[in-house]
Amino acid sequence: MAEILPVLRRSTTLAMALACFCLAGAIRTGAQQATPVNASSYPVVPNGTRFLISLEGPLGTARNKVNDKFKARTLEPLAADNGSVIAPGAEIRGHISRIQPAALTGHARLWLTFDDIKTPSGWRPVIATVIDVPGDFSVKQEESKEGEIEGPASNPKKDAEAAAAGAAVGGVAGAKAGGSKGAAMGAAAGAVAGFLASSGAGQDIDLPQATKVEIELTRPLYISEPR
């Protein structure tokens, strides 16, 4: 029995040492797995990059509703920091996040949210905001109105000129129909019509297919697997 005890002690010590070794290895493995991925190992299109896209279909405050999906394609190459490029023609998917028809406040408003973009390595999330839309539309960039597309903006001088021209035309037509009283009523109606046509009040936003929209990345765009 005395001869067996030292052997048992050595076996127990060896077993404990082996268990500690295995535990240490497991801890190291867990630590390695928990280590966050280094973002710098991904090719990235930097935050603030601006580029043009073309709408694949029409959008408008009279035809669409909140959460309607839309598609667009890039018109310019997007260059990453490692020299790789997303060629023009890449598909972008998005949705309408808010919509305000002209009938509510007189000026239509539309908010677009961009969801993802198709890269050579697959679909990647894209976070961007609208910077510019051609034509008479305006884009609000204030914090509470980021990316808001608004219907034709009002120009006081232009609106006054349009109202005067409308009054003149309406007055002539009214005078022919009903003398001085008809002239006054025609002038008033003509002035209102001219003002509304000039100011854009009551006009819904209508963006035809192939409308060009300039957008800006508000977060970096990671376009592929780690280098």
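Is E148 buried or exposed?

A: E148 is buried, at a relative accessible area of 1%; buried stands for under 20% relative accessible area, exposed for over 50%, and partly exposed for what lies in between, computed with a 1.4 Å probe on protein chains only. The model is predicted, so local features need pLDDT of at least 70 and side-chain atom pairs count only at pLDDT 80 or more, while totals for chains, interfaces and linings use all residues. Residues are numbered from 1 along each chain as its sequence is written, and side-chain values use heavy atoms, with hydrogens and water left out.

The partner of E148 is R109, in a salt bridge whose closest N and O atoms are 2.9 Å apart. A salt bridge here is a side-chain nitrogen of Lys or Arg within 4 Å of a carboxyl oxygen of Asp or Glu. Because E148 sits in strand β12 (residues 148-150) and R109 in strand β8 (residues 109-119), this pair ties together parts 39 residues apart in sequence. Strands are DSSP runs of E with at least two residues, helices are runs of H or I with at least four, and both are numbered from the N terminus.

R109 also forms a salt bridge with E150, where the closest N and O atoms are 2.6 Å apart. That pair again links distant parts of the chain, E150 being in strand β12 and R109 in strand β8, 41 residues apart. R109 is buried, with 17% relative accessible area, and E150 counts as buried at 10% relative accessibility.

Strand β8 also holds D116, which is buried at a relative accessible area of 15%. The side chains of D116 and R93 are joined by a polar contact of 2.9 Å; the term covers a pair of N or O atoms within 3.5 Å, and within protein one must be able to donate a hydrogen and the other to accept it, with residues adjacent in sequence counted only if both atoms are side-chain atoms. Apart from its neighbours within four places in sequence, D116 is in contact (heavy atoms within 4.5 Å) with E91, I92, R93, W123, R124, P125 and V126.

E91 belongs to a network of salt bridges that also links E56, K71 and R73. Elsewhere, the side chains of K65 and D68 meet in a salt bridge of 3.4 Å, N to O. K65 counts as exposed at 54% relative accessibility, whereas D68 counts as buried at 17%. Over the whole structure, the search finds nine salt bridges.
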